[in-house]
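Biologist: I'm new to this one. Could you walk me through how to read it?

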Amino acid sequence: MSIRFGTDGWRAVIAETFTFGNLRLVAQAVADYVTQEFPDRKNPEVVIGFDTRFLSDRFAIETARVLAANGIVTWLSRTDAPTPAISYNVKHKNAVAGVVITASHNPPRYNGFKLKAAYGGSALPSECQLVESFLEAAQREARGPNLMSYEKAQDEGMIRRFNPTNAYYEHLESLVNIDKISDAELRIVADPMYGSGRTAIRAILSRSRCQVTEIRGDLNPGFGGIHPEPIRKYLDALAAAIQNSHADVGIATDGDADRIGAMDGQGNFVDPHTVMALSLRYLAEKRGWTGDVVKTVSTTMMVNRIAAQHGLAVHETPVGFNYIADHMLGGDVLIGGEESGGISIKGHIPEGDGILMGLLLLEIMADAGVPLVEIVADLQKQYGPTCYTRTDFHLKAPVPKKEMVERLCNAAPPTMAGQAVRDCFTFDGIKFVMADDSWLLIRPSGTEPVLRVYAEAPTQDAVDELLAEGRKMTSIDV
């Protein structure tokens, strides 16, 4: 049996590897981990949540039953809830860990088991490895999971149902100026993409003077046949709703609401690069916040230019929010984010939060008093111009990552797309940075035969040229 934890837990196809039997084994491994790591805590507490996917609620109950049988008190969400809400409650309740049953933005046939640490972010790789070691030991010893009946666990107070959004919404309102948003009387379309972010924006702004229309907010475990990922190709419904309701903005979140995508009132996609850059500029200029800026290697250089303008240090990490979380836990971080839409700010948990960033984008609009399309144009004028494209090439066979990076580094050209190559970074794939801040990133996947090629430049023609050079350099066999 192949159960392996990635950077944010375990994901697999429902009914193939993601079965009730395997889930109970993983839950028992988590129980063994908690018992060993927190020996002085009598009845340690763990928070459990789940998304809108097929059987997620039942998988969550089974996880709670296993933990309860091991003497662990579980706070089990009453209904599907955003992953950031569960993570925040881990910290809020002083729990030792958290579990979210979700496959995030993955297709509906997948489900997953996200493990959260006591600080309200993804468990460290070392913690996941420890859980894996307990799982392997149980399999070697043919030791099955402990299990308590749901009714008995509830009667004995070992399983406690609760609403995780109360404390979470209150916390978000301490980070975002809801009154300022209300005064702007914005017309908003919220698109949770059938995920667990449903009702969130509408509920938080329910007492405001904004008009919030929610689409794709009903319970649909098949996500309407789409991937619940807030990227342009899955947001036609949001564009249509903005047009139909003459809205000022659309806010989209992924399957478990830890990622954001947005659209302006004209239906133009506002990507996470832009959301992060707008947020950094606003927090530094309007709120006067200071602190370090953390971004993944695939995130826009606009962030670097804004940080330089305000004397802020920038840390660039490999792809994965866990690397950003490390910085947030260890230092004074103003904002941290990645190209895929996971972004967080100072004062929040070290985890991407699409709902928080959607609200902050509304505050930015309210403060500016002009349409979002004009705010983005001003950002591009001040810190651009910049265009960005990512292309995924599906290969016939996996690419040896280390070998490809070494080969490309040794054969680095002096110029690309008419610009001198200024730097070459190899801490996650290989990234060429040009004299004008344009860049090309080539990242082989470590788990599947996919090669991801990213490029940013002042014009789309230059981006296309960089992508073509990247494909030529790698001799891609698709």
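Biologist: Which residues in α10 meet which residues in α13?

Modeller: Some ground rules before that. This is a predicted model, where local features need pLDDT of at least 70, side-chain atom pairs count only at pLDDT 80 or more, and totals for chains, interfaces and linings use all residues. Residues are numbered from 1 along each chain as its sequence is written, and side-chain values use heavy atoms, leaving out hydrogens and water. Now the contact (heavy atoms within 4.5 Å): L278, S279, Y282 and L283 in α10 touch M357, L360, L361, E363, I364 and D367 in α13. By class, that makes 7 nonpolar, 1 polar and 2 charged residues. Here Ala, Val, Leu, Ile, Met, Phe, Trp, Tyr, Cys and Pro count as nonpolar, Asp, Glu, Lys and Arg as charged, and the others, Gly among them, as polar.

Biologist: At roughly what angle do the axes of α10 and α13 cross?

Modeller: Two packed helices are described by the angle between their axes and the distance between the axes. For α10 (residues 272-285) and α13 (residues 354-368), the axes come within 10 Å and cross at roughly 60°. Axes are lines fitted to C-alpha atoms, for helices over the stretch in contact, with angles from 0 to 180 degrees between N-to-C directions. Helices are DSSP runs (H or I, at least four residues), as are strands (E, at least two), numbered from the N terminus.

Biologist: Which element gives the most to the lining of the largest cavity?

Modeller: Rolling a probe the size of a water molecule over the atoms shows where empty space is left. A cavity is a set of points on a 1 Å grid over the protein atoms alone where a 1.4 Å probe fits but cannot get out, and lining residues have an atom within 4 Å of a point. Here β9 gives the most, with 3 residues. The lining divides into 6 nonpolar, 2 polar and 2 charged residues, among them A190, E214 and I355.

Key. On a 1 Å grid over the protein atoms alone, a cavity is a set of points where a 1.4 Å probe fits but cannot get out, and a pocket is an open set with protein on both sides within 12 Å along at least five of seven lines; lining residues have an atom within 4 Å of a point.
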